[in-house]
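Have the viewer open as you read.

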Amino acid sequence: VLAEERSLGSRDGPPHLVVLVLLHSRAAAHDTLRLLQSQDSAVIRVDEGRESGFALLCPRLKQRWRFVAAQAGDLHSVLDLAKVADSLLFILDPADGWDSAGDYCLSCLFAQGLPSYALAVPGGTDLPPKKRVDAKKKLAKAIEKRFPEAKLFSLNTEQESSLLLRHLATQKQRHLAFRDRRAHLLAYAAEFVPGQESDLVGTLKVSGFVRGQTLDVNSLVHIVGHGDFQMSQVDAPPDPLSLNPRVVKGQKRSQDMEIQDDSVNGTDEMEEDVKVLMKADPSKQESLQSEVVPDPMEGEQTWPTEEELQEAEASLKANRRVVKVPKGTSKYQAAWIVDDGEGGSEQDDDDDEDDDIDDDMMEEAVSQEGESSEEEEEPAEEECETMTISECLRDDQYDEKVEEDEQMLERYKQERMDEMFPDEVDTPRDVPARVRFQKYRGLKSFRTSPWDPKENLPRDYARIFQFQDFSRTRKHLFRQIEKEETEGASVGWYVTLYVCNVPVSVMESFKEGKPLVLFSLLPHEQKMSVLNFLVRRHPSNSEPVRAKEELIFHCGFRRFRASPLFSQHTSADKHKLERFLRPDAALVVTVYAPITFPPASVLLFKQRSNGKSHRWHRYLAGSLLSVDPDRIVIKRLVLSGHPFKIFTKTAVVRYMFFNREDVMWFKPVELRTKWGRRGHIKEPLGTHGHMKCHFDGQLKSQDTVLLNLYKRVFPKWTYDSHVPEPVPWVRSESALPVQEVEMD
């Protein structure tokens, strides 16, 4: 632990990465950066074209820092930089601390996982000394809820900035588990080399300091927000932030150590004294295959072997019998002819009577169906959403707001109805219930009745990977990381990674000032599977969230879009689907996504688009629960009926079904009532769906008879690693949670 603490920011370790996060609209990063740069015993290197960051070298303290200021209002940048930062430096306002957008940012950072941090308050010098002390006490009391026992650092003089630097260098580092087991780096410089076939895809040369674990060239790397890629080579260029600069190839460096400028793409550094560390070995390199290519002929019967043909012939000879048949009878017809001794005349008479009864019932059913409807309709889709898409965008923003309010009102009504009448649906009158609900089944007990997890799987399950024992594989991998030494670039080295087949949009994003963050992947983490997250709804949000709506996930080091399922978090082997997100309970979110080994935090957002920009609203926060495709999520439907005539233990129930055949079809399923009675269907009465039911006690007239049906459901395959950029946060002076604000 001591060696790790001493290596951070030293000559042998990576520079201490400090990310500046502005928590108020009146807070400015430029003043803070300018004050931190005015150290007497330091050498400052400013990245050309990147005013938001600089490196600070202090030979007297034998420390080096790299300061990066997150773009104000860019939630992507703040969360991505917090994934790799050693320390976060929160810039507060001397009067209010943080505003609503700052509170929103803090809640997201706490949910993702907060590294070491410090609180700085620049300004406030215009106040009298006495009022300055009172304002600091008031601010310390205001931040006590978020940061208990945290120390506030004033940042107005060089002496105060020195104290802040010393605190950053000596404070205890907080570890984030998802990054400590993976090599990661924040790009210091980057260069894009177009490919031979297309200028849109090429090799990205990324330079930076290795952190976390040793980086192997044969492993895969994940560029946050852009996907997984392979590496072809790792170089070791000269360290641009060296504490002891020396003469390199006869070129003398300046002794007075003035401010030096580095290029944005770092080509000057890469060209001088570059040493190739390692090249990828195709035989050992991890594959980019994320899905299984299903073979449609895999389940087909193969041609039998000679031994199987001989066995079949022998069994046929053993089972042959001699039967008298009429002339011209084929072998197939002869197999159906019964000998005189095998059946009796009484049995034949009974069969004839049964056939007559069946014929009569069939004719009656046909006549009833003919009277009820002249033409059959296709079964309705079970899970569908109606969505109105406007053909053009209106200029009148007020009308768009009214439309959005109407849609939200409809969702509130649906959520309220689901709370009052959970899972209840109306029996359709135009389609027979046995056809509409043919994929559902009844269960004697939801908790104890068996359900095979391999039964009736969708085609998407042929594309995913599954572990025989996920927890055992995870423990083995983590034990291997701790004990075995990996060959590659060690922690603290300044390296250049050659990342293959990268789209040019990654470089364009880096030139715009977005952070470029890379994580190495553990074995199997590029493969798709079914991920389950345990999440809880944020109390500041009351907007209804429906299952299978597209949400944005921040899972560990990944960011992607998917349409999840919500289900209850229980210890049973079956878990009931929730149509809406419950505000008072933790739920499990299920999606198709790349495998990630826990622990890993997860943040869920809802994206809204008005045609020109995107807005994010935080809904959920939690952690990765498991990677388990066998987790059974059951959708429940409840059909309701009303007692028409009530006797001692029997009752005539109506309005649950509307024809006799449906009553006979669902007869084996157990009934229950809202007041706790249990029973079963005894027989149908008439032809309009009335039925005689037997219960374990007398019903009340205001009771409702219910019939539960169940079906296993699976998530939609909507995984997308590309997430559009959101618009900046909307800041206000109050420290209340962010609510919906329309942007011009």
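What follows covers the sheet, then the aromatic rings, then charges over rings.

This is a predicted model, so local features need pLDDT of at least 70 and side-chain atom pairs count only at pLDDT 80 or more, while totals for chains, interfaces and linings use all residues. Residues are numbered from 1 along each chain as its sequence is written, and side-chain values use heavy atoms, with hydrogens and water left out.

Let's start with the open sheet: four strands in the order β8-β18-β11-β12, paired antiparallel. Strands here are DSSP E runs of at least two residues, and helices are H or I runs of at least four, numbered from the N terminus; two strands pair if DSSP finds at least two bridges between them. At the edges sit β8 (184-186) and β12 (227-229), each pairing on one side only. Three bridges join β8 to β18 (residues 517-520), and Leu-185 has Leu-518 in β18 as its bridge partner.

On to the rings. Phe, Tyr and Trp rings (six-membered ring for Trp) pair if their centres lie within 6.5 Å; planes under 30 degrees apart are stacked, over 60 edge-to-face, the rest tilted. That gives 22 aromatic pairs. Phe-467 and Phe-597 make a tilted one, 6.1 Å centre to centre with 55 degrees between the planes, and the two are 130 residues apart in the chain. Ring pairs also link Phe-90, Trp-98, Phe-110, Tyr-117 and Phe-147 into a cluster.

Finally, charges over rings (NZ of Lys or CZ of Arg within 6 Å of the ring centre and within 35 degrees of the ring normal):

| Charge | Ring | Distance from ring centre |
|---|---|---|
| Arg-463 | Trp-717 | 3.8 Å |
| Lys-527 | Phe-465 | 5.0 Å |
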